[in-house]
Amino acid sequence: MKVVLTIAGSDCSGGAGIQADLKTILAHGAYGMSVVTALTAQNTTGVFGVLKTDAAFIGTQLDAVFRDLRPDAVKIGMIADAQAVQMISDKLRTYQAGKIVVDTVLASTSGTRLTGEEALACAKEELFPLASLLTPNLKEAETLAGIPVTDKTSMQLAADRIAGMFGCAVLIKGGHLHGAADDLLYQDGKYCWLHARRMDNPNTHGTGCTLSSAIACNLAEGMRMEDAVYSAKAYVADAIADGLALGAGRGPLNHGCRIFGSTGR
């Protein structure tokens, strides 16, 4: 059994963050471990509070994991402050971690800012260059590339710029594109479009967390990057298409759709 580590914030409502990651890892037949970077009070309608984990304790968690159960892949999500970013980066270097998928979580689905400017600056300098893959959405790609990203042409330009800055593969998620939901994978100078139909389902809470975790699981199994992304995207599509309807806002996906079958909702 492959071992996958998620380093992210906790979502007490279970739809995103650590909880979504662990469900996704289990659904892929891997053993999941977690290092919690923050506690959040949130649900499908919004984020109501964030309690950061002390950077030193994040380091202690990472030591405990790597000294006993070395992960085959690592997924990184929300990191609230620069001290935590620096600690995580230092530990990943110390333990020579590989197959690192970084979901550049800057804000929640509801629009709440989760990562400060100082933390982002530190991540650009210390963390992103360690990544095998970055998975920004359109807004995050704009922030990283420093250009408007509104269509496929600008997605390609942004992907090239981001890959050039950090030396890794880049997956720009096109879920907010007008009239399409195509993603762009850029690796080794090659553009690969992953086409998808837009689903009539507003319940997409935790989609980015789920996708990046699924990719990490696939990389842990030894898949090539392109295949890992294709397979993960198909899994997320199934989890959205299932039509789970929970909560008063943007509800979660059905992470267990391939284990237990459709909810029929």
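**Strand E4 and its place in the sheet**

Strand E4 spans residues 73-76, with Ala73 and Lys75 pointing one way and Val74 and Ile76 pointing the other way; all are buried. The model described here is predicted.

Strand E4 has pairing partners in E1 and E5. Strand E1 (residues 3-11) runs parallel to E4, and four bridges join the two strands. Within this pairing, isoleucine 7 has isoleucine 76 of E4 as its bridge partner. Strand E5 (residues 100-102) also pairs with E4 in the parallel sense, over three bridges. Here, valine 74 stands opposite isoleucine 100 of E5, and isoleucine 76 has valine 102 of E5 as its bridge partner.

Helix H3 (residues 82-94) belongs with E4 and E5 to a right-handed β-α-β unit.

These strands are part of an open sheet of nine strands, in which the order is E3-E2-E1-E4-E5-E6-E7-E8-E9 and the pairing is mixed. The edges are formed by strand E3 (46-52) and strand E9 (190-194), each of which pairs on one side only. In the sheet order, E4 stands between E1 and E5.

Cysteine 257 lies in helix H9, which covers residues 257-260. This cysteine counts as buried because its relative accessibility is 11%, below the 20% cut-off for buried residues. Between cysteine 257 and methionine 78 there is a separation of 179 residues along the chain, and their C-alpha atoms are 25 Å apart.

Notes
Residues are numbered from 1 along each chain as its sequence is written. This is a predicted model: local features need pLDDT of at least 70, side-chain atom pairs count only at pLDDT 80 or more; totals for chains, interfaces and linings use all residues. Side-chain values use heavy atoms; hydrogens and water are left out. Buried means under 20% relative accessible area, exposed over 50%, partly exposed in between (1.4 Å probe, protein chains only). Two strands pair if DSSP finds at least two bridges between them. A crossover is right-handed if, with the strands pointing away from the viewer, the path from the first strand over the helix to the second runs clockwise.
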